[in-house]
Amino acid sequence: MARSSRSSIARHSMAEQEPSVRITNFDEVALGYDLTTAVEEAQRCLQCRHSPCVSGCPVGVRIPEFIKALREGDMWDAVAKLKDKNSLPAVCGRVCPQETQCEEVCVLAKRGEPVAIGRLERFVADWEREHGIRVPPVASSMGKRVAVIGSGPAGLTAAGDLAKLGYDVEVLEALHEPGGVLVYGIPEFRLPKEIVKIEIGYLESLGVKIRTNVVIGRLYNVAELLESYDAVFMGTGAGLPMMMNIAGENLNGVYSANELLTRVNLMKAYQFPEWDTPVRVGARVAVVGAGNVAMDSARSALRLGANEVHIVYRRSREEVPARAEEVHHAEQEGVIFDYLTNPVEILGAEGWVTGMRCIRMSLGEPDASGRRSPVPIEGSEFEMVVDTVVMALGTQPNPLAFSQAPGLERNRRGAVVADSATGRTRLERVWAGGDIVTGSATVISAMGAGRVAAMDMHAYLMGQSRGPWLTAAEPA
Ligand code: FAD
Ligand code: SF4
Ligand code: SF4
């Protein structure tokens with residue numbers, strides 16, 4: 001097929017559960033491509049020689065190559081090309097913000113609609129799962145031990161890459177299930193937990209050992225780990241929620257998004273009493289914030305039976321940080337968006353939330369982030385009647401893991417200082433990557449950081465040190 005006719009084919013849409021049906025269940029919303037649609041979508045790829053899409057992917061997935069294998073019907077080759085750079089493709093195909101990464105720079109994006117790279121990635125990964133995952137050969141043992149603290153995408157990627165290279169890798173995870181935000185944060189209806197489990201099982205088959213219920217900073221500290229392991233990677237994420245510090249935040253019925261989502265996803269509160277953790281969500285819910293976490297909280301509240309769910313956001317629609325697809329899905333499901341609105345007090349009676357006093361905002365000059373800053377409009381205060389408030393304002397790294405690791409430098413936002421080119425911290429033999437370094441970011445950027453650190457750890461442990469450890473004076 002000629003290049004021009006390929007690029008003129010419209011991008012293929014993906015089947016989804018109907019909004020009225022899906023708000024009654026926690027099943028996956030997007031249903032994926034079938035083989036015919038996947039091959040037709042793969043036909044749209046122009047196989048560009050300079051492949052800008054690859055440079056848009058933080059882990060450099062061999063995009064044109066896996067797509068070529070898919071459209072030629074060589075599915076095992078497509079799997080091999082895809083997994084060469086990405087050990088969690090079924091996860092990334094579902095939750096990567098492709099529209100600002102690989103798909104944003106696809107040449108077809110300039111002419112109309114980019115190749116649906118994420119959907120094709122998801123299709124290939126799901127095909128492999130249905131046909132039996134094959135484990136690639138791993139290098140013979142290097143005779144060296146590595147501890148990975150935290151089992152989110154950063155830690156899992158570092159662990160998988162090091163295991164393939166022949167290291168004896170142990171992942172130490174505080175929670176009772178591995179996966180980090182993939183299991184406790186992102187809801188089942190966007191990322192089924194069975195899929196995360198199977199991708200983690202693949203890493204275990206590469207030789208990665210995972211120990212759960214191990215809280216670093218309590219059970220062991222980093223200095224103790226350095227006595228038993230040759231190297232340590234820290235990937236403990238940014239799981240400490242931020243609150244607004246306004247009156248009424250201690251009332252019953254106020255959640256941090258992290259608590260709500262952990263109860264729902266990890267503890268399966270929507271299946272209470274079969275699972276033993278309850279969750280109470282009232283009839284009228286306000287979620288404060290407009291990132292992906294806020295959309296997940298609002299959509300979860302609807303599925304838990306709330307009649308009316310509001311997103312309360314102090315800026316306008318243009319500044320909403322959540323993925324466009326998540327906002328679209330929330331709107332389709334009936335979430336109400338209150339833009340240019342900010343809570344100033346949570347109201348209550350007898351210890352429980354009864355409402356929220358809010359103020360209208362306007363947008364002033366751009367702030368340090370480049371976004372126009374919200375300014376309260378005097379005299380515009382009003383009350384909203386709600387019985388549940390969810391704070392989805394962002395998170396920062398939990399200091400527990402490095403509380404007993406003197407020498408690890410942290411910046412003003414509480415993030416660990418590490419070199420972005422190597423993952424090295426100021427503490428020799430300790431690397432860090434993912435949200436612990438960047439603050440809350442994306443799955444694929446955490447995976448990219450895990451890979452960068454694994455490569456530098458390998459070089460260091462092979463005696464090919466690639467430069468000095470960070471000193472206090474060096475920029476991170
Ligand atoms: P995490 O995933 O946070 O994993 C850190 C792990 O370390 C956790 O398992 C934690 O229990 C463990 N840990 C912490 N402290 C200790 C300790 N002291 N000892 C031992 N273990 C410890 N990104 C996207 O790309 N797309 C999305 O759609 C998306 N949606 C999101 C939705 C929600 C609700 C949230 C919260 C985040 C979302 N993100 C999304 C962001 C993304 O999930 C994170 O950027 C990513 O998971 C960071 O990976 P990480 O490995 O650095 O940390
Ligand atoms: Fe695109 Fe994410 Fe896949 Fe990379 S991992 S190719 S950014 S969908
Ligand atoms: Fe295919 Fe787009 Fe990548 Fe070109 S830029 S190779 S069209 S996916």
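Which backbone N or O atom lies 2.8 Å from a nitrogen atom of ligand 1? In this predicted model, that atom belongs to Ile216.

**View 1. Backbone atoms meet ligand 1.**
Start with Ile216, whose backbone N or O atom sits 2.8 Å from a nitrogen atom of ligand 1. Two further contacts involve oxygen: a polar backbone atom of Ala154 is 2.9 Å from an oxygen atom of ligand 1, and a polar backbone atom of Val181 is 3.0 Å from an oxygen atom of ligand 1. Taken alone, ligand 1 exposes 1,000 Å², and the protein buries 94% of that.

Now turn to the second largest pocket, which holds about 400 Å³ of space. Its lining counts 24 residues, and those nearest its centre are Arg94, Gln98, Arg119, Arg323 and Glu325.

**View 2. What lines the second largest pocket.**
Here the lining of the second largest pocket is sorted by class: 13 charged, 6 nonpolar and 5 polar residues. Two or more lining residues come from each of α7 (89-95), α9 (117-131) and α16 (324-333). Look for α16 in particular, as α16 gives the most to this lining, with 5 residues.

Note on methods. Residues are numbered from 1 along each chain as its sequence is written. Chains are lettered from A and ligands numbered from 1 in the order in which they are written. This is a predicted model: local features need pLDDT of at least 70, side-chain atom pairs count only at pLDDT 80 or more; totals for chains, interfaces and linings use all residues. Side-chain values use heavy atoms; hydrogens and water are left out. On a 1 Å grid over the protein atoms alone, a cavity is a set of points where a 1.4 Å probe fits but cannot get out, and a pocket is an open set with protein on both sides within 12 Å along at least five of seven lines; lining residues have an atom within 4 Å of a point. Grid points are joined across faces, edges and corners, and a volume is the space filled by probe spheres set on the points. Helices (H or I, at least four residues) and strands (E, at least two) are DSSP runs, numbered from the N terminus. Ala, Val, Leu, Ile, Met, Phe, Trp, Tyr, Cys and Pro count as nonpolar, Asp, Glu, Lys and Arg as charged, and the others, Gly among them, as polar. A polar contact is a pair of N or O atoms within 3.5 Å; within protein, one must be able to donate a hydrogen and the other to accept it, and residues adjacent in sequence count only if both atoms are side-chain atoms. Accessible areas come from the Shrake-Rupley method with a 1.4 Å probe; for residues, only the protein chains shown count as cover.
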